[in-house]
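The following exercises are to be worked through with the sequence and the model at hand. Each task is followed by a solution in steps.

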Amino acid sequence: MNASVYFFDEHQQLLSVVKEDKLLEVIQEKEITANQAELIKDTLNVTLVYEEKLKNSAYMAVKEEDKTFSFYRIAVDSESENKQTFTGISFAPDELDSYIIQDYRPKNEAIKTTLTKLIQGTEWRLGYAEAALPAITDTFYYVSVKEALKQLQTHGCEILFKYEIKGSGISDKWIEVYQKIGKHSNKRFTYGDKVLDIVREQDRNQVYTSLIGRGRGEDVGDGYGKRLDFSSVVWQKSAGDPVDKPKGQAWVELPEMTKLYGIPLKNGTMRRREKVIQFDDEDDAKNLLQRTYQSLVEYSRPLVQFKTQTLESDSLGNTVTIHRYDRNYHYRTRIFKVKINRLSGKTEASLGDNITKSISKAASDLKGAVTAIDEKKMSFYDSEEISKWQDDIIRGAKGGSIMLMNQQDLGKGDSREPYQQVFMNGDSLETSNHFLVMNSDGIGFIEGDFHKNKAHTAWTIDGQFNADYIKTGTLEGVTLKTKSNQLFQVVISSKGSIKFLKNGEEELGRLFATLSGSTGQANGYALLQRKGYIFSINSKSENDESSSRYVIQIPKESTADDPKINSRGVWNHSGDLRITGKLIVNGIEISGNGNGGSGGNPGSGYPPEVTTQADKFAWDLWSFLLANGYSKAAAAGILGNVQQETGGTMDPDTDQIGGPAYGLVQWDGSMYPLIGNQTWDGREYVQRLIAAASITDDYKSTVGQAKLIEWSMYNGQWLGAVSPTSVTGFKAVSDPAVAAYAFEMNFERPKNAHPERQGYALEWYNKFKDLKPSTGTGTGKAGLDHLESLIGRYWGNGECYAVSAEFSGYLGGCGLGAGTQYGLSHVIGDTNAAADIGSSYNWSAVGWKVIYNPSYDQLVTGAIINWKRGGNAGGFNVDYQYGHTGVIKGLANGRIQTYEQNAGKGRIVAVYDRAWVASSEISSIVIPPK
């Protein structure tokens, strides 16, 4: 069973398909009512994890086993803190109730023809119509299509509504009509197998074995005269009639049912049970006999209904067998109601006769004659006494757990006017010992003897509540305040926070629950201080009971952007103490350290051969792809496609002329968008994808779209239609032409292939494959200039690793990740610790050189320097788990000048001057090519 629920807006356009993992409950109920003048009842109740975009939902749908849909108008919706609930009713009757048929009078016309004419002017069509349906004669005069369909069902048919949903809305809707919905199924409901329970209910009310049928009466001006009967009609079983009925007999009987359910007589025989049934619209004696006989078949037996709980149901209307061997239940009967839990598959099915909803017997009773009732006259005294007795019964004076008392009951006077109302835990005052009393004083309680013990008021008539009676439960949205003054109040809100107010309005601070940004669930609680007011934890003075001083204080100047804290006293601390920022002791700054794992934009460090703007756009994309694990051939294959998609400009800010596409690879959301609904606006579609991929770069930039290409490869854009079929295989391809064709057919997916793209790819490959980024006049000069531009900024993941990762990636070295745009590449070891940078990457593959435990003379300006775990970096020891890393800015006076992050100056890129200690403190340096 498909558990997904489809949600639509007011225009029946698809908003969202909610899958099973977001659904809490999906209950679908369908019922064929016993009253043929009612259409099938069909409802859907859905509860799911709260989703903001569903607030404007107007319709719901679910897919059925036959691949059609059931469609519902949302009648009621509600939401709590973290869930939404929707109740839907069948859409078809609701819609068709708004189409009016003015005057249509079919005569002896096929139901199929009639139904087709009834739905003319609507968007509905007639689908399947069973061949053996009767011809009808009827009048439809100024009624809705819905009411007309209900009226049509009374002629012996049942109607179904079905839908087809394609794309973003309803593509087709049709009506199917049957004599009876369903078929004879081979399904067996056997207790103890997949049937969890079988409950049998039998109704013996109104069982009759003989009916006297009466038809239309003679119109004599004032009402009707003698009614039509069928005494002149003869039935013989030998002639094929269902029972024998001789001429002159005005009733029809089922003798075999009389033997079972008749009236027992003293002589041991059974007399028929008789009833009169009227058909005011029938003027043919033969038809009257037939209709009376059909009613007799139903009247002549008790109604039997079964209810089951099963893990495997059958379709509504189907006839199945039901077995419970321990009770000897063996029936073949029809399913008239199902209640399906679409998440668990558990189904409650009602089978047999619809006892609780059947009105056919009751309706025929209403057609009987009304017997006049003689009114009995009585004296005024009798009338008054009866009135008093009835009054005492109604108000509980003769017994009951609720009593409306007057002054006579309490001995306070003769008035019988209501004085007070009493609720009790027994069925009288004498048998109860707990009482709730409501009168003009208010609401109170009595414990023990009602007549002897005094009532204690809990809530006065003027609104004052006695707090002594609050002993359990939950208070929501309550304000607590002192009675003597209004200067300070405590407010407990219904959302769970406790606010501290000044003069009833100005907030001093609050205690509240904190919520997870990803799940929305409570993950703790916090104390909030407002600017302008202090929050402190105080210790009481030993000498002055009314005096105290803070131990920890958030001063009134503190804010979230500029936090401050004051403390006094002796701090005793056990465990690591980690400090980000300056540590100043008695006015002297103590330097600290951190360890390590940013984004920048390509654009600097172009090889001297790269001069045109198109080449620079291409080099930026080429550099990103190589840094993210693409072979040079794979990168060239992508560039060959981008050249044709952008018309040779390689500009990421390129719109398709006269079309819906945009960007380096001309993303197109007009037909099959990866995210959201179809759109003709390529820019909007790319921005939608950028947001879904959590990319923060400008959507018009090469780096932003390069990241989006990488994201799209793993999120539905790559088809795998031609070899190499996997993204991993594509990244390792060695032939630029193969790469161009694979990217075109698996990612771009044009209607026709463009072989010229393979030629473009070869050109880019030959142009870029041997080029190296410009490093200025010295080792890593361009990279050092780039780091200089980042001073004072938080970079990458804020760790020291991010500075070295940015430097290497910028110069075309190995990709070190750490939150930069340069994803991991050329990895051969552990990438977690800064101390291992020299040995964790294949530096020789990108032309870089590694020196382990270098001497001071081997240090080079522009090299990545990696201190060992716990190593001495010129006066302090770096992290014992990860080590530390930076980039050498200069070498002077036997010291080392570096670019680092997450060291003594905090999580920003900064310049440091380090003392040289020894080769043993440095695990390695990594030197870029000149």
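**Exercise 1.** Does His826 count as buried, partly exposed or exposed?

*Solution.* This is a predicted model, in which local features need pLDDT of at least 70 and side-chain atom pairs count only at pLDDT 80 or more, while totals for chains, interfaces and linings use all residues. Residues are numbered from 1 along each chain as its sequence is written, and side-chain values use heavy atoms, with hydrogens and water left out.

Step 1: buried means under 20% relative accessible area, exposed over 50%, and partly exposed in between (1.4 Å probe, protein chains only). Step 2: His826 has 32% relative accessibility, and therefore counts as partly exposed. Step 3: His826 is placed in the loop between α17 and α18 (837-840), where helices (H or I, at least four residues) and strands (E, at least two) are DSSP runs numbered from the N terminus.

**Exercise 2.** Describe the backbone at His826, Met650 and Pro724.

*Solution.* Step 1: recall that most residues other than glycine have a negative phi, and most peptide bonds are trans. Step 2: His826 has a positive phi, near 60°. Step 3: the phi of Met650 is also positive, near 60°. Met650 belongs to the loop between α10 (632-645) and α11 (682-692), and counts as buried because its relative accessibility is 2%. Step 4: the peptide bond that joins Ser723 to Pro724 is cis, its omega being near -5°. Pro724 is found in the loop between α12 (702-713) and α13 (727-731).

**Exercise 3.** At what angle do α16 and α17 cross, and which residues make the contact?

*Solution.* Step 1: axes are lines fitted to C-alpha atoms, for helices over the stretch in contact, and angles run from 0 to 180 degrees between N-to-C directions. The axes of α16 (residues 781-788) and α17 (residues 801-810) cross at roughly 135° and come within 9 Å. Step 2: this makes α16 oblique to α17; angles under 35 degrees count as roughly parallel, over 145 as roughly antiparallel, 65 to 115 as roughly perpendicular and the rest as oblique. Step 3: with contact meaning heavy atoms within 4.5 Å, α16 contributes Ala782, Gly783, Leu784, His786 and Leu787, and α17 contributes Val803, Glu806, Phe807 and Tyr810.

**Exercise 4.** How do α10 and α15 pack?

*Solution.* Step 1: α10 and α15 (residues 756-768) have axes 7 Å apart and an angle of about 125°. Step 2: α10 is therefore oblique to α15. Step 3: the residues in contact include Ala633, Ala636 and Leu639 of α10, and Tyr760, Trp764 and Phe768 of α15.

**Exercise 5.** How many residues of α14 are buried, and what covers them?

*Solution.* Step 1: in α14 (residues 736-748), 10 of the 13 residues are buried, so this helix is largely enclosed by the rest of the structure. Step 2: among the buried residues are Phe743, Phe747, Glu744 and Glu748. Step 3: the elements covering the buried residues include α10, α12, α13 and α15.

**Exercise 6.** What is the count of disulfides?

*Solution.* Step 1: a disulfide is taken as a pair of cysteine sulfur atoms within 2.5 Å. Step 2: by this rule the count is zero. Step 3: Cys157 counts as buried at 0% relative accessibility, and Cys800 is buried with a relative accessible area of 0%.
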